[in-house]
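I opened this model to go through its fold, its cores and its ligand shell. My entries are below, in the order in which I looked things up.

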Amino acid sequence: MTNPIAIPPRSPVVQAAVSVSPTTTSTIHERLRRDSLLSSNVRQPKVLHPVENEDLKLLLLENISQDAVKSFRAQGWQVDHHTKALSEDELVQKIGQYHAIGIRSKTKITSRVIKSASKLLVIGCFCIGTNQVDLETAGKAGIPVFNSPFSNSRSVAELVISEIIALARQYFERSFEMRQGLWNKQSKGCWEIRGKTLGIVGYGHIGSQLSVLAEAFGMRVLFYDIINLMPLGSARQTDTLSNLLSESDFVTLHVPELPETKKMISGPQLAQMKKGAYLINNARGSVIDIPALIEAVKSGHIAGAALDVYPVEPGSNGSPFDDQLNPWASELRSLKNVILTPHIGGSTEEAQRMIGEEVAGSLTRYLNFGATVGAVNFPEVDLRAITADEPDHVRICHVHVNQPGVLRQVNEVLSPYNVEKQYSDSKGDVAYLMADIADVSPHDVNKLRELISKTSANILTRLLA
Ligand SMILES: NC(=O)c1ccc[n+]([C@@H]2O[C@H](COP(=O)([O-])OP(=O)(O)OC[C@H]3O[C@@H](n4cnc5c(N)ncnc54)[C@H](O)[C@@H]3O)[C@@H](O)[C@H]2O)c1
């Protein structure tokens, strides 16, 4: 099978003998050591570095956090940091000199950019989504892409708790009236949340976190999910969505955007909800049929709603949220006891910091150890650490086209050596093999690298020692 998008095999990044390892101060292994988690008689893991004669260069765009910059520089890597995104043409011009790139959502890594990135080893999306990267082309070029999909789960869960109380007490409406100079003290239709039932649809990272917080407020928690999950605390899983809807005082949605979840809360589901219940959506805009919700609120069947996400959202701050964007926008805006927020569920300083830490950690683990766990477009492979008392061990990281016979070819090359451990996996057209080889001399390192790079399915071969 030939590589269908015809990206030429990448030339190996290894050129000469083993380089002097840069000084490192903050790897996970060193932290473990510092924290004395490893007792003195446990074998110490060794910090690996690319076996190459050129220093790694990283390009960080869109004002990625200075903590990430510091952690990369502590590895001895050269970091170019820009506050803005670069255009496709600018990237095509620049990218050839870099081994890694860090972006947020504005920089587009297209197939043209990837084809100009002759040295690029890894892409870090310092955000939740990865739509801005041509993932398939990156994978076929041997470039794993990392992101941070769950760093903001807590932030969303906390926002939902605040929305439950705000809806139950109508205090955002009272605050709005006060701003207009109107004193309107009332208790009718205002509730404590203690003892009320919260129905969580989708019990994943956010839903389960929310379950714990809601119980701490004295709520009874039900959840519905397509898979059977261990309930946290005293929460209870319902067999059907209908059961959850008919029993809950508050229903909150935490499912992914999928064909099956499109308009999963529409007219019939709203009718199944208790009269006077509340609906909250911080998942994706397509999950609710909003005109049906408007009708249910107007009729008084639904007492209030909180929406953070919409089928179509403005591209930038300051843009209007009007009927041109979504035809029902002005009608929705006119409803009392409906909280509208501009997709801020995950937008906190803490979530930003955690995204920085997680993606910087993934890039560092890939560049130093070859680990691809968490990559979105790549087989997920890792090996236990080479230890400090294994000085002549070499780690082979071999990305290849997923086709029969590759392992036979590679193992033939490795047959004179002691293969201490080996693991390989595939995803679509791309496969990734990691192997740790014992007692390899510097001369053999080059020979090994050359022979494996010449195998017929090679996309990229890196050696770490
Ligand atoms: N508002 C924001 O700023 C914000 C921030 C982060 C995430 N989100 C969105 O929140 C949603 C949930 O995120 P998460 O991190 O908890 O995701 P997750 O993948 O951890 O959990 C999703 C859960 O939904 C379940 N599920 C899938 N299809 C279902 C169906 N048809 N019915 C019932 N359950 C179903 C899955 O089994 C899983 O347990 C996603 O849509 C995400 O995009 C929004």
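The entries that follow go from the overall fold to the sheets, the cores, the ligand and a few loop residues.

**Entry 1: overall**

I note at the start that this is a predicted model. I looked up the element count and found 15 helices and 16 strands in the protein chain. The chain has 465 residues, and buried ones make up 41% of them. I then took the contacts between residues at least 6 apart in sequence; 66% of these join residues at least 24 apart.

**Entry 2: the five-stranded sheet**

In what order do the strands of the open sheet lie? I read E2-E1-E3-E4-E5, five strands with parallel pairing. Strand E2 (78-81) and strand E5 (145-146) are at the edges; each has a single partner strand, so one side of each has no neighbour in the sheet.

I looked at one pairing inside this sheet. Strand E3 (residues 100-103) and strand E4 (residues 122-125) run parallel and are joined by four bridges. Ala100 has Val122 of E4 as its bridge partner.

Next I checked which helices lie across these strands. Helix H2 (residues 66-74) lies across strand E1 (57-60), E2 and E3, and its angle to E2 is about 160 degrees. H13 lies across E3, E4 and E5, at about 170 degrees to E4.

**Entry 3: the cores**

Which residues touch the most other members of the largest nonpolar core? I listed Ala100, Ile123, Cys125, Ala138, Ile143, Val145 and Ile396, out of 73 residues in that core. Helix H13 (residues 349-369) gives the most to this core, namely eight residues. There is also a second, separate core of 48 residues, with Leu198, Val201, Phe250 and Tyr278 among them. As background, nonpolar side chains in soluble globular proteins tend to be buried together.

Leaving out residues up to four places away in sequence, Ala138 touches Ile109, Ile114, Ile123, Val133, Ile143, Val145 and Asn377.

I looked at strand E10 (residues 277-281) next. Five of its five residues are buried, so E10 is largely enclosed by the rest of the structure. Is one face of E10 covered, or are both? I found both covered: Ala277, Leu279 and Asn281 are buried on one side, and Tyr278 and Ile280 on the other. For reference, side chains in a regular strand alternate between the two faces of the sheet. E10 pairs with strand E9 (residues 250-253) in the parallel sense, over four bridges. Thr252 has Ile280 of E10 as its bridge partner.

E16 pairs with strand E13 (residues 394-401) over six bridges, in the antiparallel sense. The bridge partner of His398 in E16 is Thr461.

**Entry 4: the ligand shell**

How many residues surround the ligand? I noted 30, of which the closest are Gly202, Gly204, Ile206, Gly345 and Gly346. The elements giving two or more residues to this shell are helix H6 (153-169) and helix H8 (205-216). H8 has the largest share, three residues. By class I recorded 13 nonpolar, 12 polar and five charged residues in the shell.

**Entry 5: loop residues**

I placed Leu325 in the loop between strand E11 (302-307) and helix H12 (329-333).

Asn337 is not a glycine, yet its phi is positive, at about 55 degrees. Asn337 sits in the loop between H12 and strand E12 (338-340) and is partly exposed, with 17 other C-beta atoms within 10 Å. Asp439, also a residue other than glycine, has a positive phi near 50 degrees. Asp439 is in the loop between strand E15 (430-438) and helix H15 (442-453). Asp439 is partly exposed as well, with 13 other C-beta atoms within 10 Å.

Definitions and conventions: Residues are numbered from 1 along each chain as its sequence is written. This is a predicted model: local features need pLDDT of at least 70, side-chain atom pairs count only at pLDDT 80 or more; totals for chains, interfaces and linings use all residues. A nonpolar core is a set of buried Ala, Val, Leu, Ile, Met, Phe, Trp, Tyr and Cys residues joined through C-beta atoms within 7 Å. A residue is buried if 20 or more other C-beta atoms lie within 10 Å of its own, exposed if 12 or fewer, and partly exposed in between; C-beta atoms are placed from the backbone. Two residues are in contact if their C-beta atoms, placed from the backbone, lie within 7 Å. A residue is near a molecule or strand if its C-beta atom, placed from the backbone, lies within 6 Å of it. Ala, Val, Leu, Ile, Met, Phe, Trp, Tyr, Cys and Pro count as nonpolar, Asp, Glu, Lys and Arg as charged, and the others, Gly among them, as polar. Two strands pair if DSSP finds at least two bridges between them. Axes are lines fitted to C-alpha atoms, for helices over the stretch in contact, and angles run from 0 to 180 degrees between N-to-C directions.
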